[in-house]
Amino acid sequence: MIYETPRYLYSGDQYLTVEIGDEMTLRANFRVIGLDRALNEAGIKGVIETFPGWRSVLLSYDSLVIHAEDLISEIKGVVEQIPEVKEVPSRLIELPVKYKGRWGPDLEFIAQQNNISVDEVVRIHSETIHWVGMVGFTPGSPQLMQLNPPLLLSVRKYISPRIYTPQGTVALGGSITAIYPVVSPGGYQMMGLTPVPIYDRFQSLDIFEASPVLLRIGDRVKFVRVDDEEFDYIRQQVWECSYRYKIKEETFSP
Amino acid sequence: MGKATLEVIQPGIFTTIQDLGRRGYFASGIPPSGAMDRFALRMGNLLVKNPLEEAGIEMTAMGIEVRVLEDTVIALTGACFDANLNGNPVRHWQTLEVHKGDMLSLAKPTTGWRGYLCVAGGIEVPHVLGSKSTYTLGGLGGVRGRVLKKGDVLEVGPPRAPLGSLGCRKVKEAVVPKAGAQKELRVVLGPQDDHVKEESIEVFLNSPYRVSINSNRVGYRFEGPQLFFKEREKSQDAGADPSNIVDDGNAIGAIQIPGGTEPICLGPDGVTMGGYVKLACLITADMDRMAQLRLRDYVRFQNVTVDEARSILEQSVRSVKEENILSHS
């Protein structure tokens, strides 16, 4: 649900959670985007940065500049005047994926759980556009929601997380797709591998000039199925820094 | 350009360059990083008259051995190591003149867990996303985004004060953190304390917890009693276990309790979001204490208000000042 008024939750003495609801939905996400925008425009003194997520904004602030209670009353003033967000700028970004094979060991399980074939899982997943609802956990890792899928793919996470997930793994947990930007542990079911970076610590490709992270909240992702040969070709282009991401600047309304 | 000043002979176990961290990338999944014991880094910088946010060397569980390539002045703060310069014991929380050809060896900590080595002029590495701090998971900052290795040569910036004016500066005894103070970690309850049964919150605040050996800059795990969650409605979005919530942002210092066992307190390199109940958050000032916990130490969590936490932080930050330095020439 979405609360009548936001909840202000202390996250220690230098962070504050402003929570607008407890659901993982586009409407909650749009509220958060509106709130985040308004908070940044308000330029409240002492606020260091904001982190918009599925259903809340985490603010970090300098408590030696502003007291927690003053911060909350400032935010309450901002919250009262937030116009409803009906449309947001939203890039549509194509990401190639090699499904199946060594790095898609869990497709079989996903297929079973959804009572369809592996090929159907791949078809649905690559034909559905995904919404970036939050970015984080590890640098630049997106949380992706399926937009109007013909069938909502859903699968439980690993009961005990695996120790190793290769960089570029595309995986499903619940109905959320994640991409692993760096080698890390993980609990989502692995579907395949993208040959292109979504995090580039060296900022070597042009697209990473301003930030080492590709995706941000409000972007949309379209996975494009590639075969072994295309995968290798794209990876070669990435190594040569000649790969060009396919990105359309658009707006999106739910 | 800095001057090549320290050559790493033995790198220790987990030694990184840290300043006070980077800002502005939390929404991209990049945590602030930075010195885990910020008081110790600030004091070290004050001793050698650096800006307080300058970068130093953070050593964990084992010190480093370095060869000095240029005359300079250094300061050791934080954990006290079994330390010597050319075989002669050296003191912590005070400046130390070192000369070309000297060998500085730091072995195991005798008290505390994390030590800082600050050099007059500061460690010169590139600013990456606005900070020199090393974030190993993301491969950012410090020396090529990684821990120090044997053979690394560290450059140092120009000193902010004549080296001759830096000898014999010492932090007043009263300001040096007492060994053992870290056994109490102060927390502010929330953001999801309302998901946990009242009795379990009492248990959390009144039980000894043991520092797990799986503790590092990403997070500290604590072994203690099982905690229980309130009944809640089944939620498709949050996940099946009552310790699950709809994912939200994690504060640095947030204490997650997956499954109700082994609270995990996130450190400066912590994961930025998650789907577990966060019962409480460590107060900012006590990240310094957590940084000095030894593995398998016992600690207790103590509840304070946000205002108390602020006052404790203010006191800590304000105590890093020239009046707390004794200098005799």
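**Sheet, domains and chain contact in a predicted model**

Reader: In what order do the 4 strands of the open sheet in chain A stand?
Author: This is a predicted model, in which local features need pLDDT of at least 70 and side-chain atom pairs count only at pLDDT 80 or more, while totals for chains, interfaces and linings use all residues. Residues are numbered from 1 along each chain as its sequence is written, and chains are lettered from A and ligands numbered from 1 in the order in which they are written. Strands (E, at least two residues) and helices (H or I, at least four) are DSSP runs numbered from the N terminus, and two strands pair if DSSP finds at least two bridges between them. In chain A the pairing of the open sheet is antiparallel, and the order of the strands is 1-2-4-3.

Reader: What is the bridge partner of Arg7(A) in strand 2 of chain A?
Author: Strand 1 and strand 2 (residues 15–21) of chain A pair in the antiparallel sense over 5 bridges. In strand 2 of chain A, Arg7(A) has as its bridge partner Glu19(A).

Reader: Which strand of chain A gives the largest share of the side that touches chain B?
Author: Two residues are in contact if their C-beta atoms, placed from the backbone, lie within 7 Å. By this criterion, 40 residues of chain A are in contact with 38 residues of chain B. Elements of chain A that give two or more residues to this side include strand 4 (56–61) and strand 6 (129–135). The largest share, 5 residues, comes from strand 3 of chain A.

Reader: How far apart do the C-alpha centres of domain 1 and domain 2 of chain A lie?
Author: Domain bounds come from an automatic or database domain assignment. Chain A is divided into domain 1 (2–79) and domain 2 (88–252). The distance between their C-alpha centres is 29 Å.

Reader: How many residues does domain 2 of chain B give to the contact with domain 1 of chain B?
Author: Chain B is divided into domain 1 (3–175) and domain 2 (181–317). The contact takes 19 residues from domain 1 of chain B, and from domain 2 of chain B it takes 14 residues.
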